[in-house]
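Reader: I've got a fold on my screen and a few spots I'd like to talk through. Could you walk me through them?

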Amino acid sequence: MKLFLTGLLILAAGYFLYGSIVKKIIRPDDRQTPALTSFDGVDYLVLPNWKNMLIQLLNIAGIGPVIGVIGGILFGDIVFIIIPVGCVLMGAVHDFIAGMMSIRNNGANLTELIRLTAGKHLYRIFSAFLVIALLLVVAVFINVPAKLSSGLLGGGNSAFFWSVIGIFIYYICATMFPVDKIIGKVYPIFGALLLLGTAGLLVMLMIKAVQDPSLLVESEAFKSKMFTASDHKPILPLLFVTIACGILSGFHATQAPIVARTIKSEKEAFGVFFGMMIVEGFIAMVWSAGALAIYNMYPELIGTDPNGVLAKITNTFLKGNFSTVVVLSVIVLAITSGDTAMRSLRLSLAEMFHIDQKPLLPRIMLVLPLIVITAGLLFWSNKDGGSFQKLWTYFAWSNQVIAAFALLAAAIWLFAQKRPAFIAVMPGMFITFIVATYILWISPEHGGPVGLGLELYDAYMIAAFIAVCTFAWAKVRAAELEDKFQNNADLWKKTEK
């Protein structure tokens with residue numbers, strides 16, 4: 001319990017202390033934002049700050065801080081420290097810089113930010129990768145809430161089918177309609193539901209933990225089944241792929257432009273981007289605590305379907321209708337990330353192919369093929385349990401690859417402005433090391449998908465070399481771009497060839 005409470009204190013202190021350092025480096029100011037300079041009534045428009053905060057929270061807080069941490073806590077209660085430290089030093093910084101880069105570049109999507117910083121060759125590679133990754137995100141964020149929803153409806157293939165249809169229809173509407181018509185209307189309600197469910201679980205956990213402090217400490221039964229390197233489950237790299245969104249998530253950088261286009265003042269950006277990631281870290285802490293408690297009470301659940309563990313957490317700590325409210329809050333987490341993932345995919349494709357998004361017809365023509373591809377992924381992922389696990393694995397891995405690209409762009413952006421770049425370089429090198437290690441080490445023999453299958457120590461050494469070289473290149477690249485800044489080294493000249 002001490003580790004859990006310490007972790008919550010780290011989150012709070014990180015927001016005020018490290019956050020103030022980051023804010024001084026990024027320097028939000030009073031210049032006009034894209035919502036004012038590029039108003040189109042569809043994607044560019046002003047929304048109140050409180051709405052932007054809730055939209056950002058629900059955009060980024062997918063199932064990672066719930067489903068991810070149910071698996072992540074199996075690495076041990078040290079996760080109660082890793083989550084908040086990672087959230088402050090990596091996730092919140094990543095989200096804030098991604099949001100500010102987008103604001104400073106007229107609400108540009110991540111692909112465009114990669115082009116402006118890393119160049120056209122990496123832009124082309126990254127663009128293709130991002131489209132695939134976002135399709136995986138949409139598929140996962142339909143699959144999981146549909147399974148949870150069908151459970152509330154009594155289970156069975158029919159309930160799952162109609163849950164998928166209902167979520168799909170909502171995604172299509174939220175993707176094509178102006179941002180203030182659906183997302184701006186329903187997210188405040190969803191946000192209240194999410195925060196209510198998480199707060200309720202925290203209160204009940206604290207009451208139970210005071211009565212029995214051993215609930216939030218590794219029991220002997222838990223230790224006998226927890227993940228270890230000897231079982232091909234090393235914390236580095238697997239923890240940071242398993243938890244993903246609760247610590248650092250590249251998916252957030254794809255969502256930042258949605259809110260970057262609706263913010264009235266840059267000075268609101270810190271609370272929207274940095275602050276909401278801290279809130280997501282809090283959500284991850286609460287659910288990881290719930291998972292540890294339930295594993296201590298029912299060790300036989302370790303390694304089983306996380307959806308079943310989720311149901312056990314809510315039914316054990318929250319009774320009756322409130323248990324249903326909490327499950328609904330988790331469904332909300334997934335749905336409100338999936339709809340904006342599809343919206344981000346539409347916006348990214350429109351930006352890549354220069355398709356005007358103000359008329360309705362071009363929006364429809366972009367969304368239709370996305371629906372067909374996502375439906376195919378859903379059909380494949382539900383053939384058997386192994387197929388969905390592969391889908392989740394590729395989703396989680398690709399998520400952190402996106403984060404590595406986003407932090408690379410952020411490092412170049414800061415280096416080119418001659419500002420302290422350590423806030424991006426430090427997490428960027430770390431997550432590059434993580435994804436490189438994962439690709440080099442993972443294999444079916446190591447309990448994962450296809451990879452190179454190297455020994456872990458060899459993978460560590462090569463990955464460290466790759467991380468150092470990548471961010472050394474960022475410094476070199478930034479030196480080439482210094483003359484592409486204007487207006488006190490804050491705005492890019494849109495002349496990258």
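Reader: Let's start with Asn 106: is it buried, partly exposed or exposed?

Author: Keep in mind that this is a predicted model. Asn 106 comes out at 34%, so it counts as partly exposed.

Reader: Which loop holds His 354, and is His 354 buried or exposed?

Author: His 354 isn't a glycine either, yet it has a positive phi of about 55°. You'll find His 354 in the loop between helix H15 (320-353) and helix H16 (360-381). Exposed means over 50% relative accessible area. His 354 has 74%, so the word for it is exposed.

Reader: What kind of peptide bond joins Leu 236 and Pro 237?

Author: Most peptide bonds are trans. Pro 237 belongs to helix H11 (residues 235-242). Between Leu 236 and Pro 237, omega is about 20°, and the bond is cis.

Reader: Last one: how much area does the nonpolar surface patch with Ile 462 cover?

Author: Ile 462 lies in helix H19 (residues 456-481). A patch residue needs over 30% relative accessible area, and Ile 462 is partly exposed at 37%. Together, Tyr 457, Met 461, Ile 462, Phe 465 and Ile 466 make a nonpolar surface patch of about 530 Å².

Terms used:
Residues numbered from 1 in each chain as written. Predicted model: local features only at pLDDT ≥ 70, side-chain atom pairs only at ≥ 80, totals over all residues. Heavy atoms only, no water. Patch = residues over 30% accessible without salt bridge, like charges linked within 9 Å, V, L, I, M, F, W, Y side chains within 5 Å. Areas by Shrake-Rupley, 256 points an atom, 1.4 Å probe, with all protein chains shown as cover. Salt bridge = Lys/Arg side-chain N within 4 Å of Asp/Glu carboxyl O. Helix = DSSP H or I, 4+ residues; strand = E, 2+ residues; numbered from the N terminus. Buried < 20%, exposed > 50% of the residue type's maximum accessible area, 1.4 Å probe, protein only.
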